[in-house]
Amino acid sequence: MCQHYYLNPMDNRLANKLIHKKRHIGNDIVIIIFQEEGSKPFAPTTIKSNYIQVQIVVRVLRDGTSTGPAHYHVAVVSQSDVPLFGPPLPYPPIFKHEHQFRTWILRKLINSELAAYRSKLFIQQLRATQKALLLDFIEKFPPEKKKKEKGRKKKKDKERS
């Protein structure tokens, strides 16, 4: 999982390192979209990517006062070939700002990535990678047929004499 951070423009050393390391959101398997209170609803089609398999949208809800405890409305969207994964989203999908929410979302993130690995896209990529690794291994370490055959001929010659 890769995380994207808000970068403080005043700290150029850290900003340059993180920007160089991770430039594109579309290269992640699972992303979290965090929306502050009053934000326009997020449309999953906003981010164009063939690689993103799961999007988890977390929206802040408040009770009318900015000092009151926060609640979070959560929505989960995945590609059609990603198998179902838990923990299930409760109804209504609203969480209090508590340890239970932290535990739920961490489990959801981990399970969503594991489920994404079983999607058609990742199965195809895994097979292609395994094939390339195997061919590379065979090329670097070819079978030693000639040495075994020479040993067999010597044994046969001894048996004949």
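Tutor: Start with a definition: helices, of at least four residues, and strands, of at least two, are DSSP runs numbered from the N terminus. Keep in mind that this is a predicted model.

Student: How many residues apart are D136 and K140 in helix 3?
Tutor: Helix 3 covers residues 120-140. D136 and K140 both lie in helix 3, separated by about one helical turn. The spacing is 4 residues.

Student: How far apart are the closest N and O atoms of D136 and K140?
Tutor: A salt bridge needs a side-chain nitrogen of Lys or Arg within 4 Å of a carboxyl oxygen of Asp or Glu. D136 and K140 form one. The structure holds 1 salt bridge. The closest N and O atoms of D136 and K140 are 3.5 Å apart.

Student: Is K140 buried or exposed?
Tutor: Exposed means over 50% relative accessible area. K140 has 56%. D136, at 35%, is partly exposed. K140, then, is exposed.

Student: Which strands stand at the edges of the sheet?
Tutor: The open sheet has 4 strands in the order 1-2-3-4, with mixed pairing. Each edge strand has a single partner strand, so one side of each is left without a neighbour in the sheet. The edges are strand 1 (30-35) and strand 4 (94-96).

Student: Do strand 2 and strand 3 run parallel or antiparallel?
Tutor: Strand 2 spans residues 54-61 and strand 3 spans residues 71-78. They are joined by 8 bridges. Among the partners, Q55 pairs with V77, and V57 pairs with A75. The two strands run antiparallel.

Student: Which residue in strand 2 does V30 stand opposite?
Tutor: Strand 1 and strand 2 run parallel, joined by 6 bridges. In strand 2, the residue opposite V30 is V54.

Student: How many of the 8 residues of strand 2 are buried?
Tutor: Buried means under 20% relative accessible area. Strand 2 is largely enclosed by the rest of the structure. The buried count is 7 of the 8 residues.

Student: At about what angle does helix 2 run to strand 2?
Tutor: Helix 2 is made of residues 99-116. It lies across strand 1, strand 2, strand 3 and strand 4. Its angle to strand 2 is about 165°.

Student: Which residues is S112 in contact with, leaving aside neighbours within four places in sequence?
Tutor: S112 is found in helix 2. At 0% relative accessibility, S112 counts as buried. Its side chain reaches the backbone oxygen of L109 at 2.8 Å. Beyond the sequence neighbours, the contacts of S112 are V30, V54 and F85.

Terms used:
Residues are numbered from 1 along each chain as its sequence is written. This is a predicted model: local features need pLDDT of at least 70, side-chain atom pairs count only at pLDDT 80 or more; totals for chains, interfaces and linings use all residues. Side-chain values use heavy atoms; hydrogens and water are left out. Two strands pair if DSSP finds at least two bridges between them. Contact means heavy atoms within 4.5 Å. Axes are lines fitted to C-alpha atoms, for helices over the stretch in contact, and angles run from 0 to 180 degrees between N-to-C directions. Buried means under 20% relative accessible area, exposed over 50%, partly exposed in between (1.4 Å probe, protein chains only). A polar contact is a pair of N or O atoms within 3.5 Å; within protein, one must be able to donate a hydrogen and the other to accept it, and residues adjacent in sequence count only if both atoms are side-chain atoms.
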